[in-house]
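Please walk through this model with me, from its charged pair to its helix packing and its nonpolar surface.

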Amino acid sequence: MPWVLLVLAGLLEIVWAAAMKQSAGFTRLGPTLIMAAAMPASFFLLALAMRSLPLGTAYMVWTGIGAVGAFLFGVVWLQEAVTPVRLMAAAMIAGGIVLMRLA
């Protein structure tokens, strides 16, 4: 169950990061409200997962899911640049998440 909570927390991190970008510096109400709801929900689920998981593991997986997810959001929905180096960096982060889960 802590891993499920952690993955949900990571997915919510993607939501609030994407909403923050879409808020245009908090000038657009809808994305700002989504960010304001998703951020504390993400932190809450992370805190619940940390009851059972080590700090380093939980935090690394949470930030990794958020980082790779935000990268993919930017590439797919915002047409941000895809370069070999950016893809390699995202793959390394994803690989680190998998290794941490296996550890």
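**Charge, packing and surface**

The count of salt bridges comes to one, a salt bridge being a side-chain nitrogen of Lys or Arg within 4 Å of a carboxyl oxygen of Asp or Glu. This is a predicted model, in which local features need pLDDT of at least 70, side-chain atom pairs count only at pLDDT 80 or more, and totals for chains, interfaces and linings use all residues. Residues are numbered from 1 along each chain as its sequence is written, and side-chain values use heavy atoms, leaving out hydrogens and water.

Which side chains meet in the salt bridge? They are those of Arg 86 and Glu 80, at 3.9 Å from N to O. Side chains of opposite charge can pair when their charged atoms come close. Arg 86 is partly exposed, with a relative accessible area of 31%. Glu 80 is partly exposed too, with a relative accessible area of 31%. Here buried means under 20% relative accessible area, exposed over 50%, and partly exposed in between, with a 1.4 Å probe and protein chains only.

Now the helices. They are DSSP runs of H or I, at least four residues, numbered from the N terminus. Two packed helices are described by the angle between their axes and the distance between the axes. Axes are lines fitted to C-alpha atoms over the stretch in contact, and angles run from 0 to 180 degrees between N-to-C directions.

Helix H3 (residues 55–77) packs with helix H4 (residues 84–102) at about 150 degrees, their axes 9 Å apart. H3 and H4 are therefore roughly antiparallel, a label for angles over 145 degrees. Their crossing is left-handed: the near helix is turned anticlockwise from the far one by less than a right angle.

H1 and helix H2 (residues 29–49) pack at about 155 degrees, with axes 8 Å apart. H1 and H2 are therefore roughly antiparallel to each other. H1 passes H2 in a left-handed crossing.

Leu 12 sits in helix H1. Its C-alpha atom is separated by 5.2 Å from that of Ser 42, 30 residues apart along the chain. Leu 12 is partly exposed, with a relative accessible area of 24%.

Val 4 also lies in helix H1, which spans residues 2–22. Val 4 is partly exposed, at 46% relative accessible area. Together with Met 1, Val 7, Leu 8 and Leu 11, Val 4 makes a nonpolar surface patch of about 470 Å². Such patches take residues with over 30% relative accessible area and no salt bridge, joining nonpolar side chains (Val, Leu, Ile, Met, Phe, Trp, Tyr) within 5 Å. Accessible areas come from the Shrake-Rupley method with a 1.4 Å probe.

Technical notes
Patches are made of residues with over 30% relative accessible area and no salt bridge: like charges are joined within 9 Å, nonpolar side chains (Val, Leu, Ile, Met, Phe, Trp, Tyr) within 5 Å. Helices (H or I, at least four residues) and strands (E, at least two) are DSSP runs, numbered from the N terminus. Angles under 35 degrees count as roughly parallel, over 145 as roughly antiparallel, 65 to 115 as roughly perpendicular and the rest as oblique.
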